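Please look over the sequence and the model together before reading on. The report below takes the strands, then the loops, then the helices.

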Amino acid sequence: MELMKSLAIAASGLRSQSGRMRVIAENIANADSGPERAGADPYRRKVPSFQRHFDRELDAQTVALGRVQRDPSAFRVKHEPGNPAADASGNVQMPNVNSLVEMVDMREAQRSYEANLNLISSTRRMIQRTIDILRA
């Protein structure tokens, strides 16, 4: 039944966006955490990706959270001579996480999640109406 297929496809979107939000939340939580000791690297931003997956049982393309890779961009540098992780110049490497970018990504993931949830709600209503018609 095509309605069940749309439910399964939307559910795969929910799972993927939920995983994306989890990665973004980890980035935000570590945005201001410095390295543990001098010379150590701080937290490196993670970037989620998606991959298409053909579900033979459904005979449809679904989506899944792909590899989560580390962002290779440069770390921020903050001048904090009193920090135990500071180098000889008093600079500390900070995570390459921009909280504003992460919040925008989170909002986009939230909207995609809501769109999939709306699709599931609409499909449920259609199934219920079909059952009601068949009963009458």
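Two strands are said to pair if DSSP finds at least two bridges between them. With that in mind, we can turn to this model, which is predicted, and ask which residue in S4 stands opposite Lys-78. Lys-78 has Val-92 opposite it in S4. The strands concerned, S3 (residues 76-79) and S4, run antiparallel and are joined by 4 bridges.

Strand S4 covers residues 91-94, and its side chains alternate along the strand.

Is Pro-81 buried or exposed? Its relative accessible area is 57%, and because a residue counts as exposed over 50%, Pro-81 is exposed. When neighbours within four places in sequence are left aside, Pro-81 is in contact with Ala-86 and Gly-90. Asn-83, for its part, has a relative accessibility of 23% and therefore counts as partly exposed.

Strands S1 (46-55) and S2 (60-70) are also antiparallel, and 9 bridges join them. Within this pair, Asp-55 stands opposite Ala-60 in S2. S1 and S2 form a hairpin with 4 residues between them, and Asp-59 is placed in the loop between these two strands. Most residues other than glycine have a negative phi. Asp-59, however, has a positive phi, near 60°, although it is a residue other than glycine. With 53% relative accessibility, Asp-59 counts as exposed.

A further loop, between S2 and S3, holds Asp-71. This residue has a relative accessibility of 14%, and so it counts as buried, since the term buried means under 20%. Leaving aside neighbours within four places in sequence, the contacts of Asp-71 are with Arg-44, Arg-45, Val-47 and Asn-96.

Some residues that are separated along the chain can also be compared through the distance between their C-alpha atoms, as in the following table.

| Residue pair | Separation along the chain | C-alpha distance |
|---|---|---|
| Pro-81 and Val-92 | 11 residues | 8.1 Å |
| Asn-83 and Ala-38 | 45 residues | 8.9 Å |
| Ala-25 and Met-103 | 78 residues | 9.1 Å |

The last part of the report concerns the helices. Two packed helices are described by the angle between their axes and the distance between the axes. Helix H1 is made of residues 2-29 and helix H2 of residues 99-135, and their axes come within 9 Å and cross at roughly 160°. Angles over 145 degrees count as roughly antiparallel, and H1 and H2 are therefore roughly antiparallel to each other. The crossing in which H1 passes H2 is left-handed. As for the residues of the contact of H1 with H2, they divide into 19 nonpolar, 9 polar and 4 charged.

Definitions and conventions: Residues numbered from 1 in each chain as written. Predicted model: local features only at pLDDT ≥ 70, side-chain atom pairs only at ≥ 80, totals over all residues. Heavy atoms only, no water. Buried < 20%, exposed > 50% of the residue type's maximum accessible area, 1.4 Å probe, protein only. Contact = heavy atoms within 4.5 Å. Axes fitted to C-alpha atoms, helices over the stretch in contact; angles between N-to-C directions. Parallel < 35°, antiparallel > 145°, perpendicular 65-115°, else oblique. Left-handed = near helix turned anticlockwise from the far one by under 90°. Nonpolar A, V, L, I, M, F, W, Y, C, P; charged D, E, K, R; others polar.
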